[in-house]
Amino acid sequence: MVPPGKKPAGETSNSNKKCKRYFNEHWKEEFTWLEFDYERKLMFCIECRQALVKNKHGKAENAFTVGTDNFQRHALLRHVTSGAHRQALAVNREQLAFESRVHPELRSVLKVEVNPAKVAVLTTVYWMAKEDIAGEKCSSLLDLQKFNLCQALLASEHSEFYHPGSAREMQAAIAQVLHNEDRHRIKASPFVGLVVDETVDVLEQRSLAVFTTTVSPCSGQTSATFLGSFELPSGGASTVAGKVAEVMRSFGIPTMKLTWLRADSASLVAERLSGAGAALTSLCPLLMEMHCLSHGSSLLPADSIGSIEYLQKYETTVDAVYRLYSSFRGERNGLQELQSVLDLCEIDLGSPRAIHWTSIFPAVEAIDSSWPTLVLLLESEAERSPVAHGLCEELKKFQFVAFTKILLDVLPIFQKLRRFFQIEDFDLSILKPIVSATATTLQAQKSTSGQNLQEFLNEMNEHPRDDREGESRLYYKGVELANCSKVHLKHFERLKESYLESVRGNLLDRFPSSILEAISSFSAIFNPKCYPQSLEDIGSYGVSELNFLLQAYSRVVVSERALSDFPLFKRIVFSLSQLSFKDLCVKLVYSSSEMHELFPDFAVLAAIALALPLGSVLAEKISRGRELLQRGRTRRGKDEGLSDLMKIAIDGPASSEFDFALAIEYYESTREPGFIVAQVK
């Protein structure tokens, strides 16, 4: 290296020899991105060479990526203000921000000089989105910070762009930073799982919330992220499939990477989604489709509810009871349980979304325990209120009480199944037995009543009628039941069989045999706790399960090699009996591990298993997304900007971990093209 003040290191190729120009070592102090090749006598831009951003002509090369001998300070100034250089800074900063989330030790690399006042405004907007505070409060919050002597806001102006009226645009820039991290994460992940959740508002406008699960090859750890809420045009399965495919293209998800599609919707018609899954499967050859059960979602698709004559009537009755009595206090304290259910289950009676009362166990349980009190209160108000009279007559019917007992027998079974999908380190080996046992139990209840229904039938008291010989009155808890004739009882038997068969059929539709077989096979291969307890017994263990997986994923594994490696793989897994399913898969996917190098095909299968969209983190994000979507539509009346706000609230890290400099760069580039936002020092 030639020290400053000595003979210059290079000279320009300018043909005018009277005007020789040399590389000045002092430039490297002023422009920290500058690099000089002393052998070739050319100078380069480190940032541009690293990013290789394509220009408007589709080329990634410029004078400072291939090297230039134009040794003029004016050339350096021209380059630092160029769009290519600013784009390169943004790309490199995105990559550093993403890597710093994976490797915290890299955060010190991100040294960006920005106006503190601008950061203060964006931090306020960011915090408001995280805390779900209405955008109209932005101005007053900024004033409050000034009143509390926030130096960043008092010391300097934050330009005409940074005013409360632009909060939505700032949120869009913040969301863009987060989405770019999503794209890096998706690009790095060997496989991807997708969750779609359709919602319908009071105006019948449909939207599709999309989440994704990815796997980091650097650590083997999984991530669940919210990709956005997208307006869904009216139409059938092709509309849903088209929107999902559009989202995949937008986030750069290759069709060969998508391995799982999960439906998690309270309003999506099952047949419609099945059609969407089938349409996507033709594009994504590795895709498997499953329809999970989430809190508050109906056990039956909408058309099945309509086909079972009494089901809709029952839900309408329960809904009316909750609306009538849930707010009573004081002398009606016997009904406080109804209000407690609304709080516990976070049920909003003012929401436009349909409430599936027949799928909410605490709600049905409260109706059952409050039934005698409800009947007495309704009877006392029947003369004054036609609504109370109608509800009283309905609640006293044998069919209402008996159907409530059926729900008390069915819903706890599904509660257990729902909880399975919210366990973080899930044991996949129990899914197939749980689904099979649930289907068997539902089938058995068609012929033999469940415990609650049987107890109800046993507790009824029969009294002969004075006015009709051969007929009896039926009493339950001191209340005479209506509609107890043999005709009504036969009708109820048909209702019971129809309901139980529909619920059972819908369960099996949600979890087809191919999905259960795949998940069971993954568990058999990758869960050390499923292996035989004796080393002598593992010889033939797991062969059929491995063959199933090799056939299903033949496009991404080498079957012969996997079968050859399997005996040694089993012996090693047997010795790692202390590991869980997830621990073993993480060890295999981790690109620097010995097992990853030793068993490449099993590493591929482990990555597919880890991308399975299950777990408590994902469940919480889906629940949070529904809550934000519902609240945002109530406030705004439309979805404009709501997806960005949801992204920040769901996936935004702590303020100290977010790259506000990059968000400022994105924001100002949309407000004033060509504006230089920040310099990397």
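This is a predicted model: local features need pLDDT of at least 70, side-chain atom pairs count only at pLDDT 80 or more; totals for chains, interfaces and linings use all residues.
# Notebook: salt bridges, cores and a strand pair

I opened at helix α28 (residues 642–651), where Asp651 and Lys647 both sit, four residues apart, about one turn of the helix. I looked up the contact between the two side chains and found a salt bridge, with the closest N and O atoms 2.7 Å apart.

Next I checked burial for this pair. Lys647 is buried, with a relative accessible area of 0%. Asp651 comes out at 10%, and I call Asp651 buried because the cut-off is under 20%. I then followed the shared partners: Asp182, Arg185, Lys621, Lys647 and Asp651 are joined by salt bridges into one network. For the whole model, the count is 20 salt bridges.

Arg504 and Glu501 both belong to α20 and are three residues apart, about one turn of the helix. Their closest N and O atoms are 3.8 Å apart, and the pair is listed as a salt bridge. Arg504 is partly exposed at 22% relative accessibility. Glu501 is also given as partly exposed, at 31%.

Then I looked for a bridge between helices. The side chains of Arg561 and Asp601 meet in a salt bridge at 2.7 Å, N to O. Arg561 is in helix α23 (residues 559–575) and Asp601 is in helix α26 (residues 600–610), so this pair ties together parts that are 40 residues apart in sequence.

**Nonpolar cores**

I turned to the nonpolar side chains. In soluble globular proteins, such side chains tend to be buried together. Here the largest nonpolar core has 113 residues. Those with the most contacts inside this core include Tyr322, Tyr499, Phe569 and Leu605. Which helix gives the most to this core? I found helix α17 (residues 398–420), with 13 residues.

Leaving out residues up to four places away in sequence, Leu605 touches Phe522, Phe526, Leu546, Leu549, Leu550, Tyr553 and Val557. Of these, Phe522 and Phe526 are also listed among the residues with the most contacts inside the largest core. Apart from that core lies another, of 27 residues, and I noted Ala129, Met170, Leu178 and Tyr667 among them.

**A strand pair**

I checked strand β7 (residues 258–263) for cover, and six of its six residues are buried. β7 pairs with strand β8 (residues 288–291) in the parallel sense, over four bridges.

**A loop residue**

Last, I looked at Ser656, which is in the loop between α28 and α29 (660–671). Is Ser656 buried or exposed? At 68% relative accessibility I put Ser656 down as exposed, because the cut-off for that is over 50%. I also looked up Thr123, which is 533 residues from Ser656 along the chain; their C-alpha atoms are separated by 9.6 Å.

Key
Residues are numbered from 1 along each chain as its sequence is written. Side-chain values use heavy atoms; hydrogens and water are left out. A salt bridge is a side-chain nitrogen of Lys or Arg within 4 Å of a carboxyl oxygen of Asp or Glu. Helices (H or I, at least four residues) and strands (E, at least two) are DSSP runs, numbered from the N terminus. Buried means under 20% relative accessible area, exposed over 50%, partly exposed in between (1.4 Å probe, protein chains only). A nonpolar core is a set of buried Ala, Val, Leu, Ile, Met, Phe, Trp, Tyr and Cys residues joined through side-chain atoms within 4.5 Å. Contact means heavy atoms within 4.5 Å. Two strands pair if DSSP finds at least two bridges between them.
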